[in-house]
Structures are given as C-alpha cells and as structure tokens.
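Morning, everyone. I'll take you through one structure today. Have a look at it first.

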Amino acid sequence: MERCRRLVREMGEEAGHPLKAIAVTFGCQMNARDSEKLRGILREVGYGEAESEEEADFVIYNTCTVRENANLHVYGRLGKLVSEKRKKPHLVVALCGCMMQEEQVVEKIRRSFPVVDLIFGTHNLFRFPELLLMALSGRKRVIEIWEGTDRIVEDLPVERKYPFKSGVNIMFGCNNFCSYCIVPYVRGRERSREPEAILGEIRRLADDGVKEIMLLGQNVNSYGKTLAEPVSFAELLKMVCRVDGIERVRFMTSHPKDLSDALIEVMAEEEKICRHLHLPVQSGSSRILAAMNRRYTREKYLGLVGRIREKMPDLSLTTDIIVGFPGETEEDFRDTLSLVREAGYDSAFTFLYSKRTGTPAAKMEDQVPEEVMHERFERLLEAVKETAEERCSRFTGRTMDVLVEEVNKEPGYVSGRISHNLTVHFPGSPDLIGSVVPVKLDTCKGFYYIGSRKETV
Ligand code: 5AD
Ligand code: SF4
C-alpha cells in the first residue's frame, strides 16, 4: 500500500494535478459492494474521486456477464476509452469482475483492446493493491485470474456510497447450477462468512451511523451450511437484528427451494426485518422449471408464497422472470402469465433469455426465435404492470416510516423508501437524508408514492 501511495503521489506531481480514479459497476448488488471495496483501496493509495471517465486518470470497470448485453456494453465503453487514452497517455485502464472469469473474454481483450492495462477476476479482488502497484510501476500489462478460491479475505478498506445504508456480504459463490446461469462458473463454489465476522462488520457499520443493511449472497437461504459449525440463515438474521443502531435489515437473493419455515417465522417476528422478499421464480411452467434445474414446481412455489402471505399479508413480493428459455412453448409462457397474476408481485425484473457459453441451456435444442421472445416479453411486461400497480396502491392514505435516501430532481422534494421497498417522494429538506420519518402516502403513481409530512414542531 505504502509503495503504491508513493507512486500515485509521484505520478500526480508529474501530471501536474492530484490523480483521480473512477470505478464503474455493472450488474448486481454483489458487484456494487465489490466496487465499494475497490473505491476504498483507491482512496487508501491516494486517488481522488472522478465523476466521469473523461476526468479520470485511472478507470476500472467491475463487469457483469450474466447476460450477453452486459458484455457488449463493456466492449463499447472500452472502445470509447481509446480516444481518452490518446488525450491522456498516463491513463490507466483496469477490468475486473465476472466477465474476466471467462477465458474467451480475456483472450479477446488481450488481442483486441490494448487500451487495457490491468485485468483481474472475482477471486483475487483482495490482491488489487499489489496488482495496481505492478501495473503502475511496470507500465506493462498485468493479467491475473484465479480459477477459484476457498479463501474469504476480511477487512478490506471500503468507501461506502451511502453513509446510512450498506450492503454486507454473508456468502460468496453459488452451487445451484441453474441450467441457464453462468454465475456458478464465474463466482465459484458457495462459501459462507463466519457469523462473528459478519456481526463484527455490522456492529462497526452501526457505530458509523448505518441504519439499514442488506445481507448479500447469490442464495442467502443456504447460508452457513458449509461452516465448521453450521448456522442457518434464520439464526443469522436473528443475531443481526440484535445489533443496536441497525433499524432495518434487508437481504438478497432467496432461492425458493431453500426458503425454510424457520425463516418465515423469523421474518414475521422481527420488526427490523423489512417487509419485502425478492423470490425469483424464473418461470411459471413446471416443465420449464425442471429444465432450468430450479428444483421446485409451480405448485411448490405458489404454496410457499401462500405460507408467506399467511404470516405477512402485506409483505411486498418481487421476482425475476426469464422469457424465452429453450423449449418454452406458448402454453409454458401462459403459465408464467397466470403465475404472475396468482402470486401478485409488487414488481418483477423481466429478462430475455440470453445464451451463455458453457452453460447446459446453451446446448439445448429449440432455442426460441428472437421475435417470439420479444413478443412474449412485451406481454409479460403488461401483465406485471397491471398486477403491480394494483398491488402497490394498497397503502394509499396510510402513514408509514420512510428512510430518506436522497434529494429528488423535483425542487423541494426528497425521496426514500418504506420497509416494503416502495419509493416515496415528498416535500422535505435535504437534512432529512439518513433519518427515518413518518410520511403520509397520499397518491400512488404506479410503482411509487407521492407523500406528505405533518411538520412536527
Ligand atoms: N439469461 C437471462 N436472464 C438470466 N438471469 C441469469 N442468467 C440469465 C440468462 N442466461 C437472470 C435470472 C436471475 C437474474 C439475476 O438474472 O432471472 O435471477
Ligand atoms: Fe444463477 Fe441459479 Fe445460482 Fe441464482 S441460484 S446465481 S440463477 S445458478
């Protein structure tokens, strides 16, 4: 670190201004959290924060490869950096994240993108300071990818985006091998952090003013199974709720096959746990679910939703759905539409199936034609919109606690979220940011509310 710091200082003196860096995130919440670690390290070695690539002396893209589009986007952005580097020859460009765990991607970058100076993957992010030093001092390309790891490195410096909320990794990797998904190949096998390490981090965050935490993992419901002394996710949640100062606890993502009744019980009992569950269904057809290797049926999923709603009738339920998985017929797709109506989602992330090389689904016959996929996608959006708008309006007229997160584009307004994860915009001053205040939800505008606050004297 010290040597890196000296080098950054010297390079700044040479350039005639203090150096600035930007870390750009693609993809999921796990990547967003990793980027906070990258920013923490960049700050430690002396980089200031740049607002854009144009302003930066160091650019790092933390990439995602879950769908083909994400990859294409990164290539596009790299293309633009070529002209930046012409203007600023001292510009250093780095790539990391899931895309880099794919051999053919690294090969393509090696061949076609000389603009890139440093490449590392998901398993050796903690080596960023050393790799950065090598890239800065050698001025030659540094590429280090690990195939996998069983290590979890604690206590990396972190630069948090929000002072009042934070993600906390509880596990890394995934063992589920859904047949369409590349994540198990690029993120490796499931590894859980020790509960004491997680609780220690959360206590420090609470001392630092954090009120809301989001426990992160590809499949939080199987947390703790591989620990020397196994701890269930339900037990971990209970312990997390005991941490003073933390007011809200969220988590992501839950796999329906592993969601236990004990977890439903803890969610219903613990007031700090937010009334929101993200429960990806992927498809409403049991036949397609089997081909996806999801290991539940439509009936099992709906049964689970029924048990959850019995305990927490007003819970917000959200999901992920893939349209156009190989072999999906019109009838299978109609099963998805009817499931959307039956489950009553507050919102859904909908995706066009994207073929990922190396996954079993990529080799399946009956890939669905593009135009059929797009047509189904539009119909799905419509169905989601209808049910979601109806469901989201259920709190109209009620006063609910809002964690205020940011200033709104609309002058004089701020925005925040209720426990159920719905957004509320209301007139208020920026000094409310980071506090939880009661707000009356006056009007529902589809997916969000406009509210008002009784001024307290
Ligand atoms: N094509 C389309 N969507 C995908 N997802 C994962 N892999 C693919 C793919 N190959 C979606 C799933 C998952 C979400 C994070 O991304 O719905 O839940
Ligand atoms: Fe991918 Fe399935 Fe693992 Fe989620 S649970 S990361 S969809 S393999």
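One term before we start: contact here means heavy atoms within 4.5 Å. Angles run from 0 to 180 degrees between N-to-C directions, with axes fitted to C-alpha atoms, for helices over the stretch in contact. With that in hand, take helix α7, residues 195-207. Helix α7 lies across β7 and β10, and runs at about 170° to β7. Keep in mind that this is a predicted model.

Now the sheet. It is open, with three strands in the order β7-β10-β11, and the pairing is parallel. Which strands stand at the edges? They are β7, residues 165-169, and β11, residues 248-252. Each has a single partner strand, so one side of each is left without a neighbour in the sheet. From one strand to the next, the twist averages 25°.

Look at β10, residues 212-216: five bridges join it to β11. In one of them, Leu 216 of β10 has Met 252 in β11 as its bridge partner.

Next, the second largest pocket. How much space lies in it? About 600 Å³. Its lining counts 28 residues, and Lys 37, Val 153, Asp 155, Leu 156 and Asn 169 lie nearest the centre. Sorted by class, the lining has 13 charged, 10 nonpolar and five polar residues. We meet β7 and α7 again here: they and α2, residues 29-44, each supply at least two lining residues.

Last stop, ligand 2. The residues around it include Cys 174, Cys 178, Cys 181, His 255 and Arg 294. By class, that shell has seven nonpolar, three polar and one charged.

That's the tour. Over to you.

Note on methods:
Residues numbered from 1 in each chain as written. Chains lettered and ligands numbered in written order. Predicted model: local features only at pLDDT ≥ 70, side-chain atom pairs only at ≥ 80, totals over all residues. Heavy atoms only, no water. Near = heavy atom within 4 Å. Nonpolar A, V, L, I, M, F, W, Y, C, P; charged D, E, K, R; others polar. Pairing = 2+ DSSP bridges. Helix = DSSP H or I, 4+ residues; strand = E, 2+ residues; numbered from the N terminus. 1 Å grid on protein atoms, 1.4 Å probe; cavity = no way out; pocket = protein on both sides within 12 Å on 5 of 7 lines; lining within 4 Å. Points joined across faces, edges and corners; volume = space filled by probe spheres on them.
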